[in-house]
Amino acid sequence: MTKRQDHYHILGASKDATEDEIKKCYRRLALKYHPDKHAHSEDDEKVIAEHKFKEINQAYSVLSDATRRERYDVSGVDNSDDELDDPVEGGAPEGEAMTAE
């Protein structure tokens with residue numbers, strides 16, 4: 001699992017930012033990294049922009065929802081943080097424990 005960056009850092013917003021400030025940061029970055037803006041870029045640039053766009057959307061989805069933002073501010077994580085993680089090879093499906101046979 002990779003170290004997850006702070007959602008506020010991803011958006012370039014302060015922890016005491018208002019909803020409007022978070023929205024402005026999100027829109028600015030979403031336009032910059034939108035896949036359509038990189039349609040004619042090199043393949044590696046497309047991959048980087050796509051990953052960054054997903055990070056930006058994930059951060060905004062947490063910080064734009066008051067309940068999720070409060071949970072994130074208290075614990076530093078949100079259950080949805082797993083959406084960007086790559087699947088673990090050889091791991092048990094969610095809800096199933098791995099047992100030695």
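Trainee: Quick one to start: is Ile-22 buried or exposed?
Mentor: Ile-22 is buried, with a relative accessible area of 1%. Buried means under 20% relative accessible area, exposed means over 50%, and partly exposed is in between (1.4 Å probe, protein chains only). Keep in mind that this is a predicted model, where local features need pLDDT of at least 70 and side-chain atom pairs count only at pLDDT 80 or more, while totals for chains, interfaces and linings use all residues. Residues are numbered from 1 along each chain as its sequence is written, and side-chain values use heavy atoms, with hydrogens and water left out.

Trainee: What share of the chain is buried?
Mentor: Buried residues account for 29% of the 101 residues.

Trainee: Back to helix 2. Is Glu-19 buried or exposed?
Mentor: Glu-19 is exposed, at 58% relative accessible area. Glu-19 belongs to helix 2, which covers residues 19-33.

Trainee: New topic: how many salt bridges does the structure hold?
Mentor: It holds 2 salt bridges. The term means a side-chain nitrogen of Lys or Arg within 4 Å of a carboxyl oxygen of Asp or Glu.

Trainee: Which residue does Lys-15 pair with?
Mentor: Lys-15 pairs with Asp-6, at 3.2 Å from N to O. Lys-15 is exposed at 55% relative accessibility, while Asp-6 is partly exposed at 27%.

Trainee: And which residue meets Lys-54?
Mentor: That's Glu-50, with 3.3 Å from N to O. Both partners are in helix 3 (residues 43-63), and they are separated by about one helical turn because they are 4 residues apart. An α-helix has 3.6 residues a turn, so residues three or four places apart point the same way. Glu-50 is partly exposed at 40%, and Lys-54 is partly exposed too, at 41%.

Trainee: What does the side chain of Ser-14 touch?
Mentor: Ser-14 makes a polar contact of 2.6 Å with the side chain of Asp-16. A polar contact is a pair of N or O atoms within 3.5 Å; within protein, one must be able to donate a hydrogen and the other to accept it, and residues adjacent in sequence count only if both atoms are side-chain atoms. Ser-14 lies in the loop between helix 1 (7-11) and helix 2, where it is partly exposed at 37%.

Trainee: Now helix 4. What happens at its start?
Mentor: A side-chain oxygen of Asp-65 comes within 3.0 Å of the backbone nitrogen of Thr-67 there, at the beginning of residues 66-75.

Trainee: What follows helix 4?
Mentor: Gly-76 does, with a positive phi near 85°. Val-77 is also in the segment after helix 4, and Val-77 is partly exposed at 47% relative accessible area.

Trainee: How far is Val-77 from His-7 in space?
Mentor: Their C-alpha atoms are 9.3 Å apart, with a sequence separation of 70 residues.

Key:
Helix = DSSP H or I, 4+ residues; strand = E, 2+ residues; numbered from the N terminus.
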